[in-house]
Each structure stands twice: as structure tokens, then as C-alpha cells.
Amino acid sequence: MENEAPNTVVSRRTLWFGLLGGGSAWFFQLLAVWAIAEFGCVAGLGEIRRGGLTIVAWMAIAASVLFFIGALFATFLAHRCGRNIQSNSRGIEMPESELFLARTGFITSGIFTIIILVQSVPIFFYLKEC
Amino acid sequence: MKAPIAQSTGRLPAKGHLVLAASLIVLLVLPSQLFAHVAEGDSAEHSIWTKWNFDWQLVLSVVAAVGFYAVGVRNLWKKVGHGRAISRRQIWTFGAGVLALIVALVSPLDALSAELSSAHMVQHMILMNVAAPLLIMSSPLLAFSWALAPKYRTKLGSIFRRMHEWRPRNYLVWQPILLWVVYGVTLWVWHLPALYQTALRNEFVHELQHISFFAVSCVFWRVLLDPLKRLHFGRGLAIVYLFTTSLHATLLGVFMALSPRVWYPDYETTVSAWSLSAIEDQQLAGLIMWMPACAVYAIVAAFLFASWLQESEYQQHAPEFE
Amino acid sequence: MTTRPLTEFEKTWSPGVSRAARWFAVVNNQPLGKRYMLTAFVFFTIGGVLALLMRVQLTVPENNLIDPHVFNQLFTMHGSTMMFLFAVPFLEGLTLYILPMMIGSRDVAFPRLTAFSYWTYLFGGILFYSSFLFGTVPDAGWFAYTPLSGPRYSGLGVDFWLLGLSLVEIAGITAGVEIVVTILKLRAPGMTISRMPLFVWALLVTGVMILFAFTTLLVATVLLEMDRSIGTRFFDSAAGGNSLLWQHLFWFFGHPEVYIMFLPATGIVSMIVPTFAQRPIAAYTLVAVAMMLIGFLSFGLWVHHMFTTGLPPMAMSFFTAASLMIGIASGAQVFAWIGTLWGAKPIFKTALLFVFGFIFIFVFGGITGVMIAVVPFDLQVHDTYFIVAHFHYVLIGGVVFPVFAGLHYWLPKITGRMLSETLGQWSFWLMFIGFNAAFFPMHIMGFLGMPRRVYTYPKSLGLTEENVIATIGSFVLGIGFLVFAGNWLRSLRRGERASENPWHAHSLEWSTESPPPNFTFGTPPIVTSREPLWTKTEVPAPQNENVLRAQKALSNAPERWRATLATDPLKAEPHAIQYLAGPSYQPFLAALGFLTAFIGVLVKGYLVAALGMIFAAGAIAVWLSPGKRWLQYVASSPASTESGLPVHPNDRRSTAWWAMLCVYAIGITCFGALFFSYFYIRLFSASWPQNGIAVPELQLPLLSYGLLLASAGTFYWATRAFWAGKKKRTQIVLAGSFVLGASFIALEILQFSQLEFSPRTNAYGSLFYVISWTLDLFVLTGLAMIGAMQLRMLNFFENRIGFTGLQMRITAMFWYFTVIAAVAVFAVLYISPRLFA
């Protein structure tokens with residue numbers, strides 16, 4: 001279980017990152033934005049404005065961008081794993097479970113990437129002030 | 001895995017002896033104090049997070065357990081090779097199990113559990129459904145026996161072996177039923193208002209409660225999770241065992257969550273500091289038993305099931321027909 | 001079919017000797033499975049017509065085509081029919097037909113039980129619908145909440161509902177036993193647990209869930225019927241009862257019920273997808289684990305159907321988290337299907353189209369489900385058409401579409417004729433478009449506040465257009481069903497003949513002729529991989545002596561009695577030759593007895609009811625008592641000697657042993673539901689026992705229960721003597737057990753006569769009596785079994801390694817269970833009121 005099968009071309013860790021990365025990025029983005037909005041406003045950061053937006057909003061945007069990139073990266077990794085597995089294992093037996101992980105990861109992480117994007121939009125409308 | 005226990009000739013390093021001696025004293029002299037508590041009446045909200053339960057007996061026994069385990073694993077690995085017999089992953093599970101014990105008994109959760117029945121429920125849940133299975137998975141008995149001097153280890157090993165070989169008639173039928181019933185009865189009986197209230201008032205009964213919860217859970221989980229395969233139930237049986245257990249545990253949680261009356265009035269005086277009513281606190285406790293606790297059974301069942309299928313598949317690929 | 005004369009073997013397996021026997025005495029799984037499916041489809045059509053009537057009424061605002069009372073009857077009957085008379089029975093019918101073929105068996109484990117199951121189902125459905133004849137149609141909703149369904153607020157209609165439903169539940173439970181034991185015991189040699197087709201895994205989980213869930217519902221309906229007929233007070237809050245108790249019992253069934261329908265449906269999909277992708281399913285283990293996890297978790301979630309019970313809002317987050325786990329498990333299956341289809345070149349036949357329709361609709365329904373799980377949103381749309389839209393997306397998407405996929409997939413196997421692909425595509429698109437047109441607008445109606453279960457709506461709501469579209473859509477959906485029916489009828493006459501394996505599928509059912517012969521497999525198949533028809537040649541057949549010998553011995557044999565190979569539940573190694581009972585009128589008569597009894601209760605003619613039960617019990621007794629000479633003949637047949645396998649093994653190799661485990665599950669659930677009711681009502685009572693009734697005296701119960709406990713000891717002694725071969729002693733000691741058990745019953749009656757309260761006094765009295773009666777019923781059954789054992793020992797004691805031994809084992813299992821149940825009952829009824837006052 002711990003060791004990789006001899007005919008795999010991608011590491012197990014990358015595969016799992018591809019599968020779970022998007023979902024976790026979404027989860028942490030949700031937490032982070034909530035915490036920033038909640039505590040940032042309490043701390044009075046909502047009063048200070050830079051470039052038309054409050055500091056809180058900027059922080060929330062930064063967090064969203066960060067996690068968006070993370071999720072996008074996971075999606076990309078999953079996609080690349082899938083391609084690598086397919087192109088490198090012609091002739092030999094296809095490692096079905098790896099391929100499945102990669103493809104599932106591509107879909108889930110992709111969906112969560114989009115969700116993060118959609119979820120970030122309200123920041124511009126609702127965090128104008130605290 | 002029988003062999004390393006029996007053919008033990010490894011020597012303890014000097015430092016090991018020291019830790020060992022200290023731990024032995026603790027374990028022999030103070031067995032009943034294993035889960036001792038700080039009994040304090042004062043309950044101001046702001047101070048709860050600083051109330052760590054550094055009761056020396058408890059801390060020492062945890063340290064002793066860790067020491068024993070470390071020394072045992074070291075001796076064992078010296079003998080059979082690094083990462084053999086007890087895997088590296090098991091070291092992590094042991095660490096997680098000890099951490100769970102600390103969270104349950106040493107952290108402020110312990111002080112909190114004297115004020116909130118829901119916190120008490122979390123504490124019990126961690127003891128029974130987190131710490132116990134994690135510790136069981138890390139082969140503590142094997143490690144502990146390797147922390148002993150070779151002479152005692154051999155003796156202990158043969159006792160264990162004889163215990164495991166002892167199979168009365170219809171053992172395979174009776175063992176699961178017995179364990180199931182013992183676990184169920186322990187769970188239900190301790191939640192009877194009379195007994196629970198006594199435990200809240202009397203420190204000794206409280207310890208007894210925790211020890212029986214923990215010990216019974218260890219036995220309950222061992223037949224499912226022990227790394228030694230021959231101590232296992234069949235996987236199918238294991239799933240039924242967990243499923244039925246989760247059914248009755250769910251029922252207990254449901255009764256607690258839906259009850260219109262407070263079962264443990266002792267909490268009524270302390271709960272108000274947390275801007276909860278006693279009934280809400282109890283509902284929360286019931287829900288914790290109902291869902292997170294029962295989810296543990298479901299998740300373990302899922303893992304057992306998955307490994308069952310994989311084992312079966314593996315066996316088929318092995319060349320059994322010549 | 002050729003016209004050559006039938007061989008002896010074929011005659012043995014033909015459904016019946018005469019025309020009448022073919023109809024009433026048939027026990028083969030194939031005709032019964034077909035009947036089950038057809039009957040379910042008739043009910044489906046009726047339920048659909050009811051739905052269309054409702055749609056017609058709702059087309060325009062302030063319509064008075066149908067009055068409110070009739071509208072209540074319509075939605076009650078529509079919901080109940082679809083849930084109880086169509087979805088589950090249809091899947092059971094499909095299972096009875098397909099399952100044995102899929103696992104390489106000749107029939108299901110208990111053929112006569114199949115017949116009994118079918119007849120009780122049919123009678124239950126007829127009883128249910130006969131309410132139309134008497135003009136007292138049930139109108140309390142498909143969940144029949146008390147007190148609305150209690151004696152005070154509803155008429156005879158609810159009695160029809162409860163009694164009809166009870167019969168259908170009995171059918172469901174027996175089918176559950178049948179499914180579980182068949183899967184565990186009758187799989188082809190080599191079909192280990194990790195080689196079971198996923199449909200079979202789904203059915204195994206479903207079967208176990210049925211045992212627990214349906215039994216609870218049976219207890220609930222019986223309790224409510226007692227409230228209505230003999231005046232117990234379980235749900236009567238004026239007399240200490242609790243009407244919420246009904247909701248708990250109902251939803252403890254109702255939530256798993258959703259998955260009881262959904263899991264087989266996903267199982268169907270998991271069979272179809274690999275076939276049309278022409279490659280094995282991705283992540284087999286994951287799918288199997290997901291199905292088990294769904295079954296496991298579904299039993300903890302029932303309260304999320306009933307938020308009015310005083311649970312705090314924070315409970316919601318727990319339920320959401322737990323539902324999320326089920327969501328992840330369901331999602332894992334969807335990914336497995338996508339993963340299977342990805343990169344393959346799927347063959348877009350109608351069956352696969354329905355699968356795609358299923359995935360689309362079901363995912364949509366899942367998303368609206370997540371929306372409902374958000375508390376503020378739920379408060380907004382609760383009891384509006386949004387909910388109606390949501391659960392129709394889930395149920396039609398999650399159950400009906402997979403069922404149609406399954407029909408298009410398996411009908412060629414069942415009828416031997418291919419369906420028309422063109423008509424199939426037409427029916428799919430009509431159904432898909434019609435469905436979405438009918439139910440998508442309902443989301444909007446719900447948003448805008450149109451309440452469900454109300455017979456009309458005001459014009460000012462501004463929802464006329466949406467309602468018109470919905471009605472048109474529902475008719476298009478109906479036409480889609482009709483096109484399917486036409487397609488099927490057409491195929492029967494003019495369809496192209498189906499080959500053995502028209503789809504180049506992977507599982508065993510495609511290795512016999514289409515339609516399959518009565519005996520399904522002349523030679524029992526041997527399995528060496530997960531996709532036996534695809535990898536047949538790659539893996540060499542096992543050189544296992546026993547397997548080949550058993551296969552040879554059973555090849556078109558035995559000739560004069562029906563048999564199939566029984567195997568080990570895990571490793572699927574041959575264990576025994578399973579004797580399968582032949583045609584018999586007894587199951588039909590037993591079901592008829594039940595029907596009579598239930599009608600007796602309905603018209604409050606309790607003498608008729610008692611006679612009906614006695615008649616049923618007699619029929620069952622005859623059914624379960626094969627003659628000595630027949631047993632000797634069967635046991636000494638060449639099949640047994642050639643294969644070296646026993647015919648009636650007396651231990652856990654026997655199917656009866658496993659069926660007893662199912663009986664345990666049923667019994668435990670039965671007592672569990674009663675104990676739950678007991679403590680639940682106690683939880684809400686100011687004092688216990690209620691109204692100052694004294695706790696029952698201990699002396700007499702100590703004696704009676706003590707005697708019962710002692711009977712377990714004598715029984716053990718009797719079994720020791722039995723296995724040691726001492727006939728006289730066994731008979732005497734067993735008679736002792738009988739006397740002890742009988743005196744328990746006598747003392748119970750004596751005690752009842754001394755009690756100061758009756759079942760009608762209050763809820764405590766009702767609980768006390770009903771729990772005692774349930775135990776008495778178990779004891780009486782046990783006594784009957786002991787009596788039958790005595791009779792068997794009189795003339796066939798020597799057959800201890802065969803049927804007599806098996807009978808002894810089963811009797812012992814039942815008796816010990818009864819005694820343990822008695823201990824629990826004693827603890828609950830006599831100890832617990834004293835223990836924590």
C-alpha cells in the first residue's frame with residue numbers, strides 16, 4: 001500500500017493532492033474569508049481604505065486569490081497525472097486506480113476552483129464597509 | 001509476530017533502565033490513580049482555558065506509557081530491524097492516541113467537562129472512540145513487553161500466547177456477543193442518571209467511570225483493529241458488530257437529545273456560565289453521541305470493509321491452484 | 001423451442017404440472033419475478049394516473065374539478081402507491097428474476113417463500129385499493145401522521161392503508177430474507193466477495209436494510225392499527241401516549257427506505273455502465289464501500305425529517321455533516337461511472353441514455369437537496385412545491401430512470417426479444433423532456449410560495465403559466481411511459497430474437513439462453529474473475545477437485561428434485577447441495593390466511609381474524625414439513641454421493657441457519673422498536689407507571705420468567721442428548737422444555753387477569769401488554785417448533801446429520817433467542833421501573 005506499484009509514472013502523493021487539493025482549498029478559503037471579515041472588522045481594519053477598498057476586503061481578496069491558485073494548481077496536477085499515466089502506460093496494463101484518482105481529482109478540483117471564484121465575487125459587493 | 005516476544009535477548013540501554021524504573025513504580029504503586037482528576041469547584045468562564053490538569057499521577061502515567069513504548073520499540077527494532085514488527089505508521093498512531101488521551105484528560109477539556117455535560121460527552125467520546133482505537137492499532141502490548149528485561153519478557157510473552165491460544169467451546173460465537181454486550185451495557189449503564197450523578201460528585205466513581213469506558217473500549221476495538229490478524233473477527237462479522245453497536249448508541253444519543261427533562265441536574269448550576277440552558281447542553285451532548293461518535297463506527301466499518309475486499313482480491317491473485 | 005419431449009430434469013423444473021398449479025402453486029423465481037414486476041407496473045400506472053388527475057386539477061387556478069377531500073385522497077394514494085407498491089416491489093421482482101442468474105444459481109434460496117412474498121404483496125395491494133370500492137380512500141398522506149391518522153380524526157380509509165401496507169411489509173421482509181440468504185449462500189463457486197457484481201453488493205446492503213427498516217414500520221403500523229381497532233393508547237396524548245412516537249418509528253423506516261430504493265438503482269447503473277463502456281468498472285472497491293457506508297449511515301439520520309420535535313437549531317449542523325458523508329459516498333459512485341466512461345467509446349443504446357438521464361436529473365436533485373439543507377432556505381420553501389420538485393427529481397431521477405435503464409438492458413434476457421431501439425430513444429426523450437417540463441417549473445412555484453398538498457391556488461399568485469407547463473410536461477412524461485409499454489408489447493410479437501449476450505456484457509446472467517430455461521443453468525458455472533464473461537479465457541479454470549466434482553454431479557441433475565450448489569459465504573467454495581422446494585399451494589394458502597385475518601381486523605370481526613391466522617399457521621406448518629420418505633430419497637441421491645456434498649447439512653452450511661440470522665435481525669428490531677417506544681413514552685411522562693398505577697408485582701413474573709429461563713437449560717440438555725443419539729432422553733427432556741414454556745404462557749394469562757390495568761387504560765398499559773404479547777407470540781411459535789421437532793423425532797430420529805439435525809438446530813436457535821428476549825423483556829417491564837424512579 002505504501003509503496004508505489006512498479007508501473008506507475010506519477011507519485012501517489014501528487015494524485016491525492018490533485019484529488020483533495022481543490023476541496024481543501026475551498027474549505028480553507030471559506031474559513032479564511034470568514035475569519036478575516038469577522039475579526040478584521042472587529043479590529044477596526046474596515047475603517048482604513050486603500051484604492052477604494054477596505055483593508056479587510058484586500059485581505060479577503062488576497063486569501064481568495066491564494067487559495068484559487070492552490071485549487072487551480074491541484075486541478076492542473078491532476079490533469080497532468082492523468083495525461084502522464086495515459087501516455088506512459090501504453091502497452092502495459094493500465095493502472096486503473098491511479099487513472100481514476102487523477103480523473104476524479106481533475107473534476108472535483110476543477111469544480112472547487114470554479115466555486116472559489118464564484119464565492120469571491122461577493123467580496124466586492126458586501127465588504128465595501130463593515 | 002509471536003517469535004520476537006519469545007526469543008528475547010536484547011539488552012536495555014542505561015537510560016532505558018532509568019525511565020523504566022520510574023515508570024514501573026508509577027504503574028505498580030498507583031494503578032487506580034491512572035485517570036485522576038483535579039477536583040475543583042470554582043468555575044469562572046474566563047479562566048477555564050488555563051485549567052490544565054497537571055495532576056502528577058496522571059502526567060507521570062502518560063509519560064511512563066510513552067517511555068515504555070519508546071524503549072520497547074527501540075529494543076524491538078534493534079532486534080528485528082528498523083520498522084519491522086511495529087511499523088513507522090504505528091508510531092504515529094501511538095502518538096496520535098497519546099495526544100487524544102492528553103486532550104481528553106490533561107487539557108482544559110477535563111475542567112470543562114465538570115461544567116458542561118456536552119464537554120463531558122466529548123471527553124468520553126475521545127476516550128472511547130478516538131484514543132482507544134488509535135492506541136490499540138499501535139500494538140502497545142508488544143512494545144511494552146519489549147521494554148521489560150528479557151527474563152520477564154519471555155514470561156509475559158508466554159502468558160500472552162497462552163491467553164491467545166485459549167479457546168473455549170464456541171468461542172467464536174460467544175466472544176463477539178460477549179464483547180458487544182459488555183460494551184453496550186457499559187455505555188448505557190453509566191448514563192443512567194443515578195450513576196452519572198454519583199460520578200460527578202465522587203471522584204473515585206468518576207475515575208472508575210473513565211477507566212471502565214477506556215478499558216472496555218480497548219477490548220471492544222481490539223478484536224477489530226489489532227495488528228495481529230489472528231485476533232480479529234471476520235470482517236463481515238466486524239461490520240455487523242459495528243452496525244448494531246452504532247444503532248444502540250444512536251438510540252442513547254436520541255433519547256438524550258430529545259428528552260424534555262434534564263437527566264443530570266448537577267450541571268444546572270454550572271451550565272449558566274456558558275449562556276446555555278441545561279437542556280440545551282444535554283441536547284448537544286446527545287447529538288454528539290448520536291452523530292460524531294457513531295460516524296466513527298461507520299468510518300471504521302468502511303475501512304474494514306475496503307481492506308476486506310482488497311485482501312480477498314489479493315488472495316485470489318496469489319497462486320493457490322497449482 | 002424445439003418440440004422434443006422434455007427430459008426428466010426439465011420436467012422437474014417446469015413451473016407447474018397443471019394449468020391451475022402453474023398459476024397458484026408456482027414457486028420458480030422467473031415467473032414470480034415477472035409477476036412481481038408486472039404487478040408493480042400495474043400499480044405504477046394507477047399511481048401515475050392519480051398524479052395526472054392532480055395535475056389536471058392544478059392546471060388552472062381556482063379549479064373545482066376535484067374537491068379538497070378527493071385531492072387529499074389522491075396525493076395520499078399516489079405517494080403510498082409509488083413508495084410501497086411500485087418502487088420497492090418492482091426492485092424486489094427484478095431482483096428475484098435477475099439475482100440467481102447473476103450469481104450463477106438456479107433459483108433463490110427459498111422458492112416457496114418467494115411465492116408467499118408475491119401473494120402477500122398482491123393481496124396487500126388489492127386490500128389497499130379496495131378502499132375505492134367502499135368509498136373510504138385513505139387521505140392522511142403517505143406518512144399518515146398521528147393524530148390525524150388516529151381513531152379520532154380519520155375513518156376506515158386509514159385502516160385499509162395500515163392493513164394493506166402491513167401485508168406489503170410482510171412481503172418486503174420475506175423478500176429481504178430471501179435476497180440476503182441467496183447472496184450469501186448460493187453464489188457460484190469462485191465468486192468470492194470481491195468478485196460479486198456491484199448490483200449484488202447493492203442488493204446485499206439493501207436486503208439487510210430491509211430487515212431492519214421494514215420490521216420497524218411493521219411494528220409501527222401494527223401499533224397504530226391496535227390504537228384504531230382494540231383501543232390501545234400508544235399515540236393518544238390524552239392518555240399518556242405520544243403522537244411524535246409515530247413520526248420516529250415511521251422515519252426510522254422512511255429515511256433508510258430512500259436508500260433501499262436508491263441503492264439497487266445505483267447497482268443497476270453500475271452493471272450497465274461497464275457493459276456499454278466495454279471495460280470493467282473503475283474503483284470497484286470504492287463503489288462497494290460507498291454503498292455499505294450509505295446503508296450504515298442512513299439509519300442515524302431519521303430525525304432530519306422532523307424538525308418540529310423540539311430539536312435545537314444546532315442539530316442541523318450535525319445532520320448536515322452526516323448528510324455530507326452520504327453525499328460524498330454517493331458522489332464517489334458518480335465518479336466511478338464517469339471514470340469508467342471516460343476515455344472509453346460508449347455505445348449509446350437506450351439503456352445508457354437512461355443512465356445519462358439519471359445522472360443529470362439526480363445530480364440536479366442533489367443540488368436542490370443541498371439548498372434545502374441550508375436552514376433559512378428550508379424555512380422559506382418548506383411545504384411548498386420546491387420540496388415536491390426536489391424529491392421528484394431525486395426519486396424519479398434516482399429510481400425510475402435507472403429502473404427503465406435496467407428494463408431496456410435486461411428485458412431482452414427476460415423475454416428473449418430485443419426492444420426497438422428507435423422506440424426506445426423516443427420513449428427516453430419524451431420521458432426526459434416531459435419530466436423536466438413537469439417538475440422544473442415547480443421549483444419556481446415553490447420559490448413564489450405555492451404550498452403543496454393544497455387542492456388549488458389563487459389566481460393572484462401569478463403561477464398559471466408554470467402550472468400549465470407542468471401539466472403538459474406530466475402528460476408528455478406519461479406518453480413516454482406509454483411508448484415504452486408499446487415498445488415492450490411490440491417486442492413480444494415482432495421483436496428480433498435476442499442472442500445469449502446481445503450487449504457483450506460481463507456478468508453471468510448473460511451466459512444462459514434468452515429467455516433462460518426454467519433451471520437457468522444446466523451446468524453450474526464456475527467463476528474465476530470479476531467479469532466472468534470477459535476474462536473467461538485469460539485465467540485458467542481452477543483445478544480444484546471439489547469444485548469440478550460438484551459441477552459434474554449437478555450437471556443437468558438431480559433429475560427428480562430441484563437443487564443448486566450452496567457455497568461458502570466468503571470464499572464461495574462448494575458447501576452443500578441446496579435442496580429447493582417444488583411447486584406447492586401452501587404459500588398461496590398461507591397468504592390467503594393472512595389476508596382473511598387482516599380483513600377480519602378491518603371489519604372488527606376478530607373471530608374471523610383468529611381463524612385466518614390459524615389457517616395461515618396450518619398452511620405454513622404443512623409447507624415446512626417434508627415427509628420422511630422424500631427426505632430419505634433426496635439425501636441418498638447420486639448427486640450427493642458423486643459430489644461428496646451433503647443435501648441437508650445441519651450447521652452453518654445450511655441456508656436455514658443463515659435465514660435464522662435474518663430472523664434474529666427481525667426479532668431484535670421488533671423488540672428494539674417496542675423498547676424504544678416504551679422508553680420514549682416514559683421520557684415524556686411525569687410519572688412511571690402513568691396515572692399512579694403500581695409497578696407490577698414481582699413474585700408471579702419471577703416464577704413465570706424463571707420457568708422460561710429454566711426451559712433454556714432443559715433445552716440445552718435435550719440437544720446434548722440429541723447429538724449423543726439418545727432418543728428417549730431427548731424426547732423426555734424436550735417435552736420438559738415444552739411444559740415449562742407452556743406453563744410460562746399459562747402464568748402470563750394468570751398474571752394478566754390479576755393486573756389492575758388493561759391495554760386501554762393508558763399508554764403504559766398498552767406498552768406493557770403489547771410487549772408481553774409479542775414475547776408470548778415468540779414463545780408460542782417456539783412451542784409449535786418444539787412440537788414439530790417431537791413429531792419429527794418420533795419417526796426419523798436417526799437422520800441427525802441431515803434434516804432432523806437441521807430442524808433441531810433451528811428450533812434451538814429460535815428457542816434460545818426467545819429466552820434471551822424474555823430476559824430483556826423482564827428487565828424492561830419489571831426491573832427498569834424500579835431501577836430509576
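This is a predicted model: local features need pLDDT of at least 70, side-chain atom pairs count only at pLDDT 80 or more; totals for chains, interfaces and linings use all residues.
Chain A contains three helices and two strands. Read from the N terminus, the elements of chain A follow the order α-β-β-α-α. Chain A comprises 130 residues, of which 36% count as buried. Among the contacts in chain A with a separation of 6 or more, 80% are accounted for by residues 24 or more positions apart.

In chain B, the secondary structure consists of 13 helices and zero strands. Buried residues amount to 38% of the 322 residues in chain B. For the contacts in chain B with a separation of 6 or more, residues 24 or more positions apart account for 79%.

The arrangement of the chains was examined next. Two pairs of chains touch, and the most contacts are found between chains B and C.

Between chains A and C, six residues of chain A are in contact with six residues of chain C. The side of chain A that touches chain C divides into two nonpolar, two polar and two charged residues. Chain A and chain B, by contrast, do not touch, and their nearest C-alpha atoms lie 10 Å apart.

Within chain C, one pair of helices was considered in detail. Two packed helices are described by the angle between their axes and the distance between the axes. The axes of helix H7 (residues 198–229) of chain C and helix H9 (residues 284–297) of chain C come within 10 Å and cross at roughly 15 degrees. H7(C) is therefore roughly parallel to H9(C), because angles under 35 degrees count as roughly parallel. The crossing of H7(C) and H9(C) is right-handed. From H7(C), the contact involves C:Leu198, C:Trp201, C:Ala202, C:Val205, C:Val208 and C:Met209. From H9(C), the contact involves C:Tyr284, C:Val287, C:Ala288, C:Met291, C:Met292 and C:Gly295. The contact of H7(C) with H9(C) has eleven nonpolar residues and one polar residue, with no charged residues.

Two loop residues of chain C were also examined. C:Thr761 is placed in the loop between helix H23 (727–754) and helix H24 (763–796) of chain C. This residue is buried because 21 other C-beta atoms lie within 10 Å, the cut-off being 20 or more. C:Thr761 and C:Gly240 are 521 residues apart in sequence, while the distance between them in space is 9.4 Å, C-alpha to C-alpha.

C:Gly582 lies in the loop between strand E2 (574–580) and helix H17 (586–602) of chain C. With 18 C-beta neighbours inside 10 Å, C:Gly582 counts as partly exposed. Residues up to four places away in sequence being left out, C:Gly582 touches C:Val27, C:Trp561 and C:Arg562. C:Gly582 and C:Phe132 are 450 residues apart along the chain, and their C-alpha atoms are separated by 37 Å.

Notes. Residues are numbered from 1 along each chain as its sequence is written. Chains are lettered from A and ligands numbered from 1 in the order in which they are written. Two residues are in contact if their C-beta atoms, placed from the backbone, lie within 7 Å. Ala, Val, Leu, Ile, Met, Phe, Trp, Tyr, Cys and Pro count as nonpolar, Asp, Glu, Lys and Arg as charged, and the others, Gly among them, as polar. Helices (H or I, at least four residues) and strands (E, at least two) are DSSP runs, numbered from the N terminus. A residue is buried if 20 or more other C-beta atoms lie within 10 Å of its own, exposed if 12 or fewer, and partly exposed in between; C-beta atoms are placed from the backbone. Axes are lines fitted to C-alpha atoms, for helices over the stretch in contact, and angles run from 0 to 180 degrees between N-to-C directions. Angles under 35 degrees count as roughly parallel, over 145 as roughly antiparallel, 65 to 115 as roughly perpendicular and the rest as oblique. A crossing is left-handed if the near helix is turned anticlockwise from the far one by less than a right angle, and right-handed if clockwise.
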